[in-house]
Amino acid sequence: MNIILIGIVFALFGVLFGWFKLHQANKDIERLLKTTETLKTEKAVLQQQKAVVETQVKNYQVKQNNEKNARNIDRTAIVDQLHAQGDLRD
């Protein structure tokens, strides 16, 4: 009888320990899922910011090239370019 009672007590402790570990694992999974969601939203925001910054850099580079070309060109070259493109009114 004592052996059966000791077996039941060990089984009960085993079940309680298993339930406790399962509960801890579920809490860890929920925490990781929340962290994953916040990281996904932060990633989306950073990708948008990156796209904006890349566009700004590209626009700045184009502006710099245009300013460089505008400084190096004289009036006759402008007229010749317009004439070659057919934009110059005669």
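In this predicted model, Leu16 is found in helix 1, which covers residues 2-72.

Leu16 counts as partly exposed because its relative accessibility is 47%. Together with Leu5, Val9, Leu12 and Phe13, Leu16 forms a nonpolar patch on the surface. The accessible area of these five residues together is about 500 Å². Val9, another member of the patch, also has its place in helix 1. With a relative accessibility of 37%, Val9 counts as partly exposed. The term applies because partly exposed residues lie between the limit for buried, under 20%, and the limit for exposed, over 50%.

Gly14 is likewise found in helix 1. Its relative accessible area is 42%, so Gly14 is partly exposed.

**Salt bridges along the helix**

Side chains of opposite charge can pair when their charged atoms come close. A salt bridge is counted here when a side-chain nitrogen of Lys or Arg is within 4 Å of a carboxyl oxygen of Asp or Glu. By this rule, the model contains two salt bridges. They are set out in the table.

| Salt bridge | N to O distance |
|---|---|
| Arg31 and Asp28 | 3.9 Å |
| Glu54 and Lys50 | 3.9 Å |

How far apart in helix 1 are Arg31 and Asp28? They are three residues apart, which means that about one helical turn separates them. Arg31 is partly exposed, as its relative accessible area is 48%. Asp28 is partly exposed too, with a relative accessible area of 39%.

In the pair of Glu54 and Lys50, the two residues are four residues apart in helix 1, and so they are separated by about one helical turn. Glu54 counts as partly exposed because its relative accessibility is 47%. Lys50, by contrast, is exposed, since its relative accessible area is 51% and the limit for this term is over 50%.

**The chain as a whole**

The protein chain has two helices and zero strands. Why is the protein chain described as more spread out than a compact globule? Its radius of gyration is 36 Å, which is well over the 12 Å that the globule rule gives for 90 residues. Along the principal axes, the C-alpha atoms of the protein chain fill a box of roughly 115 × 20 × 15 Å.

Gly14 and Gln64 are 50 residues apart in sequence, and their C-alpha atoms are 73 Å apart in space.

What percentage of the 90 residues of the protein chain count as buried? The value is 0%. The protein chain exposes about 8,800 Å², and carbon and sulfur atoms supply 62% of this area.

Finally, the charges may be considered. The protein chain has 13 positive and 10 negative side chains. The centres of these two sets lie 9 Å apart.

Notes:
Residues numbered from 1 in each chain as written. Predicted model: local features only at pLDDT ≥ 70, side-chain atom pairs only at ≥ 80, totals over all residues. Heavy atoms only, no water. Patch = residues over 30% accessible without salt bridge, like charges linked within 9 Å, V, L, I, M, F, W, Y side chains within 5 Å. Areas by Shrake-Rupley, 256 points an atom, 1.4 Å probe, with all protein chains shown as cover. Buried < 20%, exposed > 50% of the residue type's maximum accessible area, 1.4 Å probe, protein only. Rg over C-alpha atoms; globule rule 2.2 N^0.38 Å. Lys, Arg positive; Asp, Glu negative; His and termini not counted. Charge placed at Lys NZ, Arg CZ, Asp CG, Glu CD.
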